[in-house]
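Please look over the sequence and the model below before reading on.

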Amino acid sequence: MAFTKTILAGVCAAALAWSVSAVAAEKFGADRHVARGVACTVCHGPDMKNPNYPDEQTCVQCHKKDALAAKTKDMKPVNAHAAPHNGDCTLCHLQHEPTENYCAQCHKFDFGKIP
Ligand code: HEC
Ligand code: HEC
Ligand code: HEC
Ligand code: HEC
């Protein structure tokens with residue numbers, strides 16, 4: 001029993017180390033925005049000790065929704081930027097962690113890679 005536990009602990013530690021390094025190697029949306037000159041305060045407001053939680057209004061300052069929906073009109077299986085509901089940008093485009101297919105909670109939509 002003690003032996004099994006030791007093995008499991010070893011496996012878990014290895015898996016954890018791998019996932020941490022995989023995450024560290026990846027750049028998230030916020031990093032890419034900052035690299036393009038979009039400062040933390042543009043999304044979070046001037047007081048970074050009390051950052052605002054960004055919402056769709058934050059994003060559409062720069063990414064106009066109509067223009068975006070037109071640009072991705074051929075997105076399959078549906079145009080996520082013309083979603084009838086749950087279209088809030090940060091549900092899918094998380095900025096400090098991997099992006100997520102939020103629609104998949106209820107729909108079998110496969111968008112491929114979400115930037
Ligand atoms: C289903 C989750 C989802 C939601 C919600 C969503 N997007 Fe997207 N977005 C995507 C996917 C998938 C792509 C890739 C589309 C493609 O490559 O055709 C994308 C691409 C983009 C791009 C790059 C477009 C380009 O080709 O230049 C921008 C900018 C963007 N989204 C901004 C937004 C903003 C702003 C909102 C909110 C108004 C939003 N998205 C809501 C899934 C989503
Ligand atoms: C001050 C302007 C600005 C704001 C605010 C902003 N973005 Fe961007 N974003 C850019 C620029 C510039 C690019 C690079 C050119 C492009 O794709 O339009 C970009 C690119 C993107 C892309 C394409 C993927 C990539 O990284 O290249 C996505 C997705 C995106 N933004 C989502 C968002 C979301 C979600 C928000 C709100 C939380 C947001 N943006 C807020 C300026 C902004
Ligand atoms: C393009 C917009 C954008 C930029 C630029 C950005 N963030 Fe964020 N930030 C977000 C979004 C969206 C969230 C919500 C969680 C997520 O998407 O990962 C968030 C969440 C956070 C949170 C957690 C806030 C809470 O209330 O839970 C902190 C802290 C934070 N960001 C710090 C930073 C710092 C520091 C920078 C600059 C290095 C930065 N952010 C740049 C969009 C941005
Ligand atoms: C919490 C569950 C849930 C989530 C999350 C969700 N949807 Fe839906 N969606 C539904 C339900 C239930 C219906 C059917 C009811 C109706 O037609 O109004 C529906 C209907 C739709 C339709 C109409 C289907 C048709 O046949 O015309 C579209 C398009 C759609 N959703 C897109 C999206 C997109 C894009 C996302 C992600 C940005 C999303 N949904 C996220 C539950 C969800």
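The sections below treat the model, its fold, its ligands and some local features.

## Model and confidence

This is a predicted model, in which local features need pLDDT of at least 70 and side-chain atom pairs count only at pLDDT 80 or more, while totals for chains, interfaces and linings use all residues. Residues are numbered from 1 along each chain as its sequence is written, and chains are lettered from A and ligands numbered from 1 in the order in which they are written.

The predictor's confidence in each residue is given as pLDDT, from 0 to 100. Its mean over the protein is 85, and 77% of the residues reach 70 or more. Over residues 1–25, pLDDT stays under 50, and the model has 0 contacts there beyond four places in sequence. Two residues are in contact if their C-beta atoms, placed from the backbone, lie within 7 Å.

## Overall fold

The protein has 6 helices and 0 strands, so that the order from the N terminus reads α-α-α-α-α-α. Helices (H or I, at least four residues) and strands (E, at least two) are DSSP runs, numbered from the N terminus.

Of the 115 residues, 5% count as buried. A residue is buried if 20 or more other C-beta atoms, placed from the backbone, lie within 10 Å of its own, exposed if 12 or fewer, and partly exposed in between. Among contacts between residues at least 6 apart in sequence, 31% join residues at least 24 apart.

A residue belongs to a ligand's surroundings if its C-beta atom, placed from the backbone, lies within 6 Å of the ligand. Around ligand 2 there are 18 residues, of which Cys-59, Cys-62, Cys-89, His-93 and Pro-115 come nearest. Helix 2, helix 3, helix 4 (56–60) and helix 6 (89–92) each give two or more residues to this shell, and helix 2 provides the largest share, 3 residues. By class, the shell has 8 nonpolar, 8 polar and 2 charged residues. Here Ala, Val, Leu, Ile, Met, Phe, Trp, Tyr, Cys and Pro count as nonpolar, Asp, Glu, Lys and Arg as charged, and the others, Gly among them, as polar.

Ligand 3 is surrounded by 16 residues, and the closest are Cys-40, Cys-43, Leu-94, Gln-95 and His-96. At least two residues of its shell come from helix 2 (29–35), and at least two from helix 3 (40–44). The largest share, 4 residues, belongs to helix 3. This shell divides into 10 nonpolar, 5 polar and 1 charged.

The residues around ligand 4 include Val-78, Ala-80, His-85, Asn-86, Cys-103, Cys-106 and His-107. Its shell has 7 nonpolar, 5 polar and no charged residues. Asn-86 is found in the loop between helix 5 and helix 6. Asn-86 counts as partly exposed because it has 13 C-beta neighbours inside 10 Å. Its phi is near 55°, a positive value in a residue other than glycine.

Pro-77 is found in the loop between helix 5 and helix 6, and a cis peptide bond with omega about 0° joins Lys-76 to Pro-77. Most residues other than glycine have a negative phi, and most peptide bonds are trans.

## Ala-70

Ala-70 lies in helix 5 (residues 65–71). Ala-70 counts as exposed because it has 12 C-beta neighbours inside 10 Å. Its C-alpha atom is separated by 8.8 Å from that of Ala-82, which is 12 residues apart along the chain.
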